[in-house]
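Here's a quick tour of one model, taking in a helix pairing, a surface patch and a charged pair. Have the viewer open as you read.

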Amino acid sequence: MSNGSNRTADRCENEPPFAIEVIRNLDIFGIILYSVLTFMATVSMLVFIEECVYIYKKVPAKKKSVIIWVNGAAPVIGTMSCIGMWIPKAVMITDMTSATYFAIVVFKFLIMMLEETGGDEVFLKWANKHKLKISTGPCCCCCPCLPHVAVTRRTLFLLKLGSFQFALLKLIFTLLSVILWTNNNFNLQDISATGVAIWINLFVGISTIIALWPVTIIFMHLKTTLRTRKIIPKYAMYQLVLILSQLQTAIINTLAMNGIIVCSPRFSAPARGYMLSQQLLILEMFIITLVTRLLYRRQYEPLPEEEPGDTETTKMVAIPVSEQRSKSNHFSFELPAQSSV
């Protein structure tokens, strides 16, 4: 038995195997598993392409780009995970591609919420007499004493900048990581203080937290206003993609690097951890893609231009000054009913 264990350990290589080696070593269960997961990733991408065609034909011009970007989060991550599953040596590149795309989605989701109200001008017009509560997650949920901030052009610009910096810095750090990796200076398994990877990941983590904060602030103040746009389940799907693609992957990789996930023939412990992560993401992103299609597959009517009170379908809930200074300072106005197509 010891000889068998030694032979198994000898086959646990440090480097991920080539794609041809993965294919040659697939058994019946492996063939079925890889085929089903590949089918799921393919269907996810086909659904996304069909949804892009629908959005291009049915959705107003200002919303087309942002809705397509947000819709693409799950299928793009699922497709990259499928590529990483078949080509283990490319996992680092596929993970960075997925993370960079989702960094852009964080910013686009913020823009999408503003566009659902009619754009920046309409948002400022409706909200200029109200204030934003900034004591929200993930930065300041434990600081209820923070003052409320007036809704101005400068405030809106800072909120956008907070999310945009993540999209920009993530792209820069990704390019830097690839450049350093080609020179053997970047290793994800090197978590020492002298390693480059841990410092890059630290800055990316800080940038991520800063970027998520403005999105949460806007969502908390528009979730009632945009309830007819199903903004709450949309936000839930956005958060779920974030948790699964970032937190879940980090947990699995940490378990693998600490030896809790053991190696298997042709796969070292870290490589097997990455493989399990890719396979889980394909299944999860497939389900999220189908749910997301149901949420976004409808044609939205634009906001009316009338002042509050001009029509019965458009109302602004005014908040007294005393209430603004004390409790939550949410503003809301009802949107016209949306028509499904």
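Two residues are in contact here when heavy atoms lie within 4.5 Å. Keep in mind that this is a predicted model.

With that in hand, start with helix H5 and helix H6. On the H5 side, Ala73, Val76, Ile77, Met80, Ile83 and Gly84 do the touching, and they meet Val91, Thr94, Thr97, Ser98, Tyr101, Phe102 and Val105 in H6. Sorted by class, the contact of H5 with H6 has nine nonpolar residues, four polar ones and no charged ones. How do the two helices run relative to each other, parallel or antiparallel? Their axes come within 8 Å and cross at roughly 175°. Angles over 145 degrees count as roughly antiparallel, so H5 and H6 are roughly antiparallel to each other.

Here are the helices that come up in this report:

| Helix | Residues |
|---|---|
| H5 | 73–86 |
| H6 | 91–116 |
| H9 | 196–222 |
| H10 | 231–257 |

Next, the surface. Ile191, Ile198, Trp199, Leu202, Phe203, Ile206, Ile210 and Met257 make up a nonpolar patch there, and together they have about 740 Å² of accessible area. Helix H9 supplies the largest share of this patch, with six residues, while Met257 sits in helix H10.

Finally, charges. Side chains of opposite charge can pair when their charged atoms come close. Searching the whole structure turns up five salt bridges. One pairs Arg229 with Glu116, with 3.8 Å between the closest N and O atoms. This pair ties together distant parts of the chain: Arg229 is in the loop between H9 and H10, Glu116 is in helix H6, and they are 113 residues apart.

Key. Residues are numbered from 1 along each chain as its sequence is written. This is a predicted model: local features need pLDDT of at least 70, side-chain atom pairs count only at pLDDT 80 or more; totals for chains, interfaces and linings use all residues. Side-chain values use heavy atoms; hydrogens and water are left out. Axes are lines fitted to C-alpha atoms, for helices over the stretch in contact, and angles run from 0 to 180 degrees between N-to-C directions. Helices (H or I, at least four residues) and strands (E, at least two) are DSSP runs, numbered from the N terminus. Angles under 35 degrees count as roughly parallel, over 145 as roughly antiparallel, 65 to 115 as roughly perpendicular and the rest as oblique. Ala, Val, Leu, Ile, Met, Phe, Trp, Tyr, Cys and Pro count as nonpolar, Asp, Glu, Lys and Arg as charged, and the others, Gly among them, as polar. Patches are made of residues with over 30% relative accessible area and no salt bridge: like charges are joined within 9 Å, nonpolar side chains (Val, Leu, Ile, Met, Phe, Trp, Tyr) within 5 Å. Accessible areas come from the Shrake-Rupley method with a 1.4 Å probe; for residues, only the protein chains shown count as cover. A salt bridge is a side-chain nitrogen of Lys or Arg within 4 Å of a carboxyl oxygen of Asp or Glu.
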